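This report concerns aromatic ring pairs and charges placed over rings. The sequence and structure come first.

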Amino acid sequence: MRDAAPQTIYLSDYTPPAYLVEEVHLTFRLAPTSTRVISHIRFAPNPEAASREFFLHGEQLDLKWAKIDGAEVAPVLSDDGLRCDAPDAPFTWEAEVEISPETNTALEGLYMSNGMYCTQCEAEGFRKITYYPDRPDVMSVFTVRIEGDLPVMLSNGNPTATGDGWAEWHDPWPKPAYLFALVAGDLVAHSGSFTTASGRDVDLNIYVRKNDIGKCAFGMEALKQSMRWDEQAYGREYDLDLFNIVAVDDFNMGAMENKGLNIFNSSAVLASPETSTDANFERIEAIIAHEYFHNWTGNRITCRDWFQLCLKEGLTVFRDQQFTADMRSEAVARISDVIALRGRQFREDNGPLAHPVRPESFVEINNFYTATVYEKGAEVIRMLRTLIGAEAYRKGCDLYFDRHDGQACTIEDWLQVFEDTTGRDLSQFKRWYAQAGTPRLSVTDSFADGTYTLRFTQTTPPTPGQDDKQPQVLPIAVGLLAEDGTEIVPTTILEMTEASQSFTFDGLTAKPIPSILRGFSAPVILTRDTTASERAFLLAHDTDPFNAWEAGRALARDTLLAMVRDGTPPQTAYLDALATMARDEARDPAFRALCLGLPSQDEIAQALVDAGETPDPEAIYDAAQTLRQMIAEHLQDTLPRLYAAHQIADAYAPNAEQSGKRALANAALSYLTRIDGGVQAGAQYEAATNMTQQLAALACLIKAGKGDGAVADFYNQWREDRLVIDKWFGLQVALAAPRDVAQVAEKLTQHPDFTMQNPNRFRATLGALAMTPAGFHHASGEGYRVLADWLIKLDPLNPQTTARMCSAFETWPRYDEDRQAKILAQIDRILAQEGLSRDSTEMLTRIRDAKG
Ligand code: TRP
Ligand code: ZN
């Protein structure tokens, strides 16, 4: 049971731990419902602590006995741990607890998934394994003995000894408890090896269940590429002789960077051409890199406390974004990152859950693994690098690794290294960590006597608990173009620090066309009064590919907004520019595919809110459908040629080149289906030899209303493959007509393959409902009701995943009174559940109590 009045934890209350840990020995006697954990821990008073209170975290543990220096003690137990008299000198703590992995459905601590034992300790899961100071500023060396009858038994670091029914591991690197991991199961390994820059050989393994052994090759290559990249880009070498990855089916998030033993959601590591889409491959490559990069940014240097989460997450996301940009197309990678940022982080930052990149308080830390901490956290580092330059950035990072290796650090430590290496004052820049909300940046321009002036104004709207915002440091990348498309001023970084500020460019012969916020150089919402023809010009001519795409995006957004408002038909300027772009053989197919996409319905809804209007989700959906139809008709002649020209004769490879072609061919197919009613899609479905083509064709057929046969066929073909069946669940929900979405989701929950215990399956079904705006927000309120029904069912089993999915309701203040009332009624219904988790309670109260 959670305590009745959950406590709020404040950053400002941080105090150093009373005792530090010198070493930890753990013995696990594995048994599904009665695992014994015997701990042997050397404690020493922390000279920097004010208090000598000996407190160990512990939750849902059955304590059998405890000893200090060999003498039995009787600690005082509470819901969240124990207190005990302890010496004011180094001592040995020993204890034995019993836990029940098999009944642990929360997937936090030690749990079982398909007969395999595994752990998830971040953020505060270790306290469900044994009594311990479960906070990241307590770092120690771990030695682990596992006793059990499973063929593979793993922990962090290196294997030191093994025998019949037991295995011992030792991790020489001091680490906080959240990086502890244990895995035991009937697993097989896909092995590889890597030689580091200094010539050390590292054994690599991806452990999976037997049936999945054919899906590891891609992940192994991605791991090696990540290891090489971190050596080259950041000078960081791997530091153990062994690196293990384990795939597990039941997992709350993507993956976890436990030292030397990364644990992955199977969806984030297993891949084969037949069962995974190009997008899956790309995501896997990025997550493998992300977790690997944590070895330095997170593990060797960790966080002092959980308020500093962005210290490791924002930095590591930025690093994995750089990696993806280097491995694939830089422009495509940046556009994809920005689409994700706008879709998830802007939405969060402009709603009731808005919080700073470094929050100042929380109730449940699991609720702060957010798009703001991760994605905006990465944007902040990207801006820092833009402002000081690549070289100074690398120098600062080198100093960071040098100065703080082995420490638990803060954002202050991170910024200090850049102040020290550049001599810059970063105090205003630091506001990016403290101020929530997305800055609005508006710009006007003028030209006189050869001088071109850009005048910018920034304002950040109030967010919960933060009414007044100060101006932030904005690196604004600007280039100027002449009317014939030549670039007269190359990309220049304007450093804006004031609320309003002008920048001038001299010596020009005519008024230029500005390309502003190139590469999305700051995470802001840029507004500028401009014409459709200027946007079309930039789409065709901007030398910055991000801004070329952005110009097209803005055209699409304006078009949709006009259609939603009064049915204004699309301007031919937009349709013609799109057609020209689509046919432009000089452009990367992946880039062209991105240009053929429309802004999300969520983005249109937010744009209407920004304009002081109330979005109607169904009207937005209808406008998007109409626009797609008009694009299809306008491109009618181009589509079959585009489709044919981007078929691939070579064997499938998930690389950037091939996946770009497939993306363009599939974008063409999707429009083509509106013309031919699904003939081509049917043919592609029949002929498909990889999941990218099969799934795209299936989607087209469903949208064309001709999917019934293929949906049944797809299920029969893939019923044994969990990850493919997740796609099958999700697609049917996402592509249903808005009035049917809730019903389709609800019906799928009755399917024998639906299970609440597996977060992937739950998200595939109910998450798809939440992410299908016109269906979720259908006026009937059924979307809200079905989601609430299932969150109520999931919460007692898995609070973490339930709480994350509560964010589906975060956009309620945007909508009309009727929808608001319906959403709030569902929120209140969930909140009224007896014993509702601290996780979900915090999320729903934050969402509900925001001033609309
Ligand atoms: N640190 C992990 C990452 O970013 C994410 C993570 C945090 C996580 N808590 C978790 C993963 C709980 C799974 C379950 O890579
Ligand atoms: Zn991470």
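In this predicted model, the count comes to 45 aromatic pairs, where rings of Phe, Tyr and Trp (its six-membered ring) pair if their centres lie within 6.5 Å; planes under 30 degrees apart count as stacked, over 60 as edge-to-face and the rest as tilted. Y132 and F142 form one pair: their ring centres are 6.1 Å apart and their planes stand at 45 degrees, so the pair is tilted. This pair links distant parts of the chain, 10 residues apart, with Y132 in the loop between β11 (116-120) and β12 (140-147) and F142 in strand β12. Strands (E, at least two residues) and helices (H or I, at least four) are DSSP runs, numbered from the N terminus. Y132 is buried at a relative accessible area of 0%, and F142 is buried at 1%; buried means under 20%, exposed over 50% and partly exposed in between (1.4 Å probe, protein chains only).

A second pair joins W414 and F418, with ring centres 4.7 Å apart and planes at 70 degrees, so this pair is edge-to-face. Both residues lie in helix α7 (residues 411-422), 4 residues apart, about one turn of the helix. W414 is buried at 1% relative accessibility, as is F418 at 0%.

A charge sits over a ring if NZ of Lys or CZ of Arg is within 6 Å of the ring centre and within 35 degrees of the ring normal.

| Charged residue | Ring | Distance from ring centre |
|---|---|---|
| R319 | Y234 | 4.5 Å |
| K793 | W790 | 3.9 Å |

Residues are numbered from 1 along each chain as its sequence is written, chains are lettered from A and ligands numbered from 1 in the order in which they are written. Local features need pLDDT of at least 70, side-chain atom pairs count only at pLDDT 80 or more, totals for chains, interfaces and linings use all residues, and side-chain values use heavy atoms, with hydrogens and water left out.
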